[in-house]
Amino acid sequence: MNEFSVVLENVSKIFTEEGKHEIVAVDGVSLTIRKGEIFTLVGPDGAGKTTMIRMMCGVIPPSQGSIEVTGLRMDFHLSEIKTRIGYLAQRFSLYGDLTVDENIDFFAEIHKVRDYERRKLELLDFMRLSPFRGRLAERLSGGMKQKLALACTLIHTPQIIFLDEPTTGVDPVSRRDFWKILSSVLRSGISIVMATPYLDEAERSSRVALINEGKILMCDTPEHVKASFPLNVMEIVCEDPRKAMGLLKGGKGFQSIELFGDRLHIVFDSAKAAMEETLENLRTLGVPATGRTISPSLEDVFISKISR
Amino acid sequence: MIQERNDSYAVVVEGLTKTFGPFTAVDDMHFKVRKGEIFGFLGPNGAGKSTTIRMLCGLLAPTTGGAMVGGYDVGKDPDSVKAIIGYMSQRFSLYDDLTVEQNIRFYGGIYGLPGSRLEERKSWAIEMAGLKGKAGSLTRTLSGGWKQRLALGCAILHEPPIVFLDEPTGGVDPVSRRNFWDLIYALSSAGTTVFVTTHYLDEAEHCNTIGLIYSGRLIAFGSPTELKHKLDQYKILEVVCGNPVDAMDALQTQPWVVETSIFGSAFHVSTTGLQDPEESIRSELTRQGIPVDRIEGIPPSLEDVFIHLIAEEDKQ
């Protein structure tokens, strides 16, 4: 058995519109996603996340390169692959005028699943949607719609699911709930590939690929990505962080200074510990402060990589 | 009734209540927002955030109680309130089939800016949004980050002292979000009061003060640091182990476990009533045959605060 869920080899996607320049949406990407992973594609709008997911789901063909999903080659086994995967698109398509139950039935039927009644009850229970089976989908809250869409994606018991920005616009309580459900999905042996613009979500995944302009900048566990960051990061706490920011901003030696309500977050432009010096500077300028070295966030790494 | 004007506050909310038939959307809310402050107004969907903001913007009359915004009573003098605030919604309210410049002119017209001032503010907005050379571009061709900055420019074209931003960063990428917060800080440093709602709690860390609402009531109020101290009674730990999903399952049934949440090859567990939670976790996982690589105490995130305070409310 193949231990990989998805293998991309040198995959590109070039869109051509009549009379316009070619757009290279995905540019020579190689990538392997293992079984049992939550794998996150993270990057800005237009980085190519959705195009990558669509190619992995066989919705659009690559212009170049090869794609394997669950050990099968996409160009030979597209219809078999489609039975093995689930795809939750960015604007997921529930039928507002069908009930919760009817939506699931509909998806079961288009996937030609037989005897899905037990699976349906399991999923409804799992998503805590059982009390709402008869409710029209359009009358569900945002978080509930999202869970119903996920149930529809799972009805045919896929081996791997692809989620395109599933939590955009969802509130924190529903988001945490959604992540609980994802960890149960993972436990049932289903691999998860998701695209997100949010780096705090990427922190929760097994491995993360940082994507910009159709290329993978880096692909590793969140810990390794952060550990690879060569620069020094420091947090400064003082009475008046805005004043401190104003004093430091023009100075040399910083890659970025970010202001938070009651503190500053500084990324130095070298690995050299300039912390004492910075604190001393602030003290001389009349802003006594305390500081400590902190580990970089994924956001620090990402912003530093793409602003180069 | 609010008699006094309080000069150091941009927003003073006293007993603000809104009912729709039998449903109380906003329930006896009290809080104050200082001038020039960045105030984060957080809560799950349906908590009453939008209803509160609509009342504070003079768009909806309170049922009882009231609020002063920029010195005007939102119930008695909503038109004066509307004139001194800026409002930007998550849908950005831009016309996609108009150019950047036409959108700015449209908003200038709504705010009644005279010609010379409009020209001046138009240049300012284009510069601020980083749209120099793109004044003639159709708005629909702009990326999310640009649209967002243009929408902010339009919302504050008339230089209001108070600006309401309702989920301004939904679906916007990390670099644009960081730029956007730089703009918000610049506004606030220049004295503008910023009242912002967001679902992203890493963003709420940028606020000076946060109000958390749930079921129409204010359940917590303070700086991000103060709010985190509310969780001192819970100890939160990060556990790194080979199989976090099984380990979470194993702990979930323990009475001292409040919450578990997956983070890649680790998970976070929040505990209550334990002297030495690290030891309890280690021995429970060992007993169940799950090897542990590392356990360490971590400070709560604002998301932890949010989830815990809401769970406590639900228990009551």
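B:Phe31 and B:Phe39 are both buried (under 20% relative accessible area; exposed is over 50% and partly exposed in between, with a 1.4 Å probe and protein chains only). B:Phe41 is buried as well, like B:Phe31.

This is a predicted model, where local features need pLDDT of at least 70, side-chain atom pairs count only at pLDDT 80 or more, and totals for chains, interfaces and linings use all residues. Side-chain values use heavy atoms, without hydrogens and water, residues are numbered from 1 along each chain as its sequence is written, and chains are lettered from A.

pLDDT is the predictor's confidence in each residue, from 0 to 100. Chain B has a mean pLDDT of 90, with 97% of its residues at 70 or more. The complex gets an ipTM of 0.73 and a pTM of 0.83 from the predictor.

Rings of Phe, Tyr and Trp (its six-membered ring) pair if their centres lie within 6.5 Å; planes under 30 degrees apart are stacked, over 60 edge-to-face, the rest tilted. The count is 17 aromatic pairs over all chains. B:Phe31 and B:Phe39 are stacked, because their centres are 5.2 Å apart and their planes at 20°. B:Phe31 and B:Phe41 are 5.9 Å apart at their centres with planes at 40°, so this pair is tilted. Ring pairs also link B:Phe31, B:Phe39 and B:Phe41 into a cluster with B:Phe164, B:Phe195 and B:Phe221.

Two arginines sit over rings (CZ of Arg, or NZ of Lys, within 6 Å of the ring centre and within 35 degrees of the ring normal).

| Charged end | Ring | Distance from ring centre |
|---|---|---|
| A:Arg204 | B:Phe263 | 4.3 Å |
| A:Arg263 | A:Phe260 | 4.9 Å |
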